[in-house]
Structures are given as C-alpha cells and as structure tokens.
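Please read this report alongside the sequence and the 3D view.

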Amino acid sequence: MDRFLSSAVNRIDAKGRVSVPAHFRAVLQKRGYTELYALRCLDIPAMDVGGLDLLDRYEQRIAQEDPFLQTADDMSFFCHGDGAFLKLDQDGRITMSDFIRAHTGITTEAAFVGRGTFFQVWEPARLAEYGAQARARLLQLRQGTKLGERPE
C-alpha cells in the first residue's frame, strides 16, 4: 500500500509527542520520506502532512505565477510561512508543537486521516464534526439537492 488511507486517534504523551499510525509509517517508509512537511490548511483547522513532494507541489504552482503579482507572494507566504518540517523520531512519533496546536486546537489526542498522497492531523472532535459536514454535503450531491433542501 502506498497511499494514506483510513484514520486513527492517538494519545499525546507528556513530552508532546504522538505516534504516527503504523499503517501511515509504512507508507512513509515505502515512499522513502526522511523528512515530513506540514502545512496549516487554509480553510480548516487541520495540518496537511506529507513528504517533500507535497512542498514541491506547492512550489511548482508558485513558479507558474507572475512573481510581480501579489498572488505569488501570498502563495509563498502560505506554503513557507504556514509550513514546518516535522521530525519523525526512531519510535515513529512527531511532536505536537505550539505551531500545530494553535491552528488545530489539539490538546491530549491527535486524529490522523488519510488523504491519498498525504495525511491530515486534526483535533478529534473537530475531525468528527468536519466528517459529518462532508458526508452531509456529499449526500446532498447524491440526492441532487442543495444543502438544506429536501429531495423531490
């Protein structure tokens, strides 16, 4: 398996470390990731986490922009200023830094959710709320109605 799938909730230890789920660590190893890049999500209280290819993807997109326009500067500010490198220790743990906690609201537990080529880290209750909202939006699409409308 070379994709991040499923989800798990792990407890944060007294030193602020949390174990990355074993099935995610297997993907990290298979992909050869030695460093992790984490980026504050723009519109949700979560962190996107992946290898350097995640950062590369953002930087390639920035390179397509006119460097003299505000968009390129904003994008650089976002992916560089709102990003951080995470150290995965020998036991497969990462530290829940103040940088991560301030954005996500994580306190005692961290929820990990697979997103295919990367994964996200959430505060568990916020993830549950977001998951319910996402399912409701998809159900509305399936039923061919807008959120709040009833199917015919």
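The chain contains 5 helices and 8 strands, where helices (H or I, at least four residues) and strands (E, at least two) are DSSP runs numbered from the N terminus. Read from the N terminus, the order of elements is β-β-α-β-β-α-α-β-β-α-β-β-α. This is a predicted model, in which local features need pLDDT of at least 70 and side-chain atom pairs count only at pLDDT 80 or more, while totals for chains, interfaces and linings use all residues. Residues are numbered from 1 along each chain as its sequence is written, and side-chain values use heavy atoms, with hydrogens and water left out.

The C-alpha trace spans about 55 × 45 × 30 Å along its principal axes. Of the 152 residues in the chain, 37% are buried; buried means under 20% relative accessible area, exposed over 50%, and partly exposed in between, with a 1.4 Å probe and protein chains only. Among contacts (heavy atoms within 4.5 Å) between residues at least 6 apart in sequence, 56% join residues at least 24 apart.

Strand 7 (residues 109-114) is largely enclosed by the rest of the structure, because 5 of its 6 residues are buried. Two strands count as paired if DSSP finds at least two bridges between them. The pairings of strand 7 are listed here.

| Partner of strand 7 | Bridges | Sense | Opposite residues |
|---|---|---|---|
| Strand 1 (residues 7-11) | 5 bridges | antiparallel | V9 and A111 |
| Strand 8 (residues 119-122) | 4 bridges | antiparallel | A111 and W122 |

Strands 7 and 8 form a hairpin with 4 residues between them, and G116 in the turn has a positive phi of about 90 degrees.

**The largest pocket**

The largest pocket holds about 160 Å³ of space. A pocket is found on a 1 Å grid over the protein atoms alone, as an open set of points with protein on both sides within 12 Å along at least five of seven lines; lining residues have an atom within 4 Å of a point. The volume is the space filled by probe spheres set on the points, which are joined across faces, edges and corners.

Helix 5 (124-143) gives the most to the lining, with 7 residues, and strand 8 also supplies at least two. Lining residues include S7, V113, R115, Q120 and W122. By class, the lining has 7 nonpolar, 3 polar and 2 charged residues. Here Ala, Val, Leu, Ile, Met, Phe, Trp, Tyr, Cys and Pro count as nonpolar, Asp, Glu, Lys and Arg as charged, and the others, Gly among them, as polar.

**Cysteines**

The structure holds 0 disulfides, a disulfide being a pair of cysteine sulfur atoms within 2.5 Å. The closest cysteine sulfur to that of C41 is in C79, at 14 Å, so it is too far for a bond. C41 is buried, with a relative accessible area of 8%, and C79 is buried at 1% relative accessibility.

**L39**

L39 lies in strand 3 (residues 36-40) and counts as buried at 0% relative accessibility. Leaving out residues up to four places away in sequence, L39 touches A46, M47, D48, Y58, F78, C79, D82 and G83. L39 and V9 are 30 residues apart in sequence and 19 Å apart in space, C-alpha to C-alpha.

Technical notes
1 Å grid on protein atoms, 1.4 Å probe; cavity = no way out; pocket = protein on both sides within 12 Å on 5 of 7 lines; lining within 4 Å.
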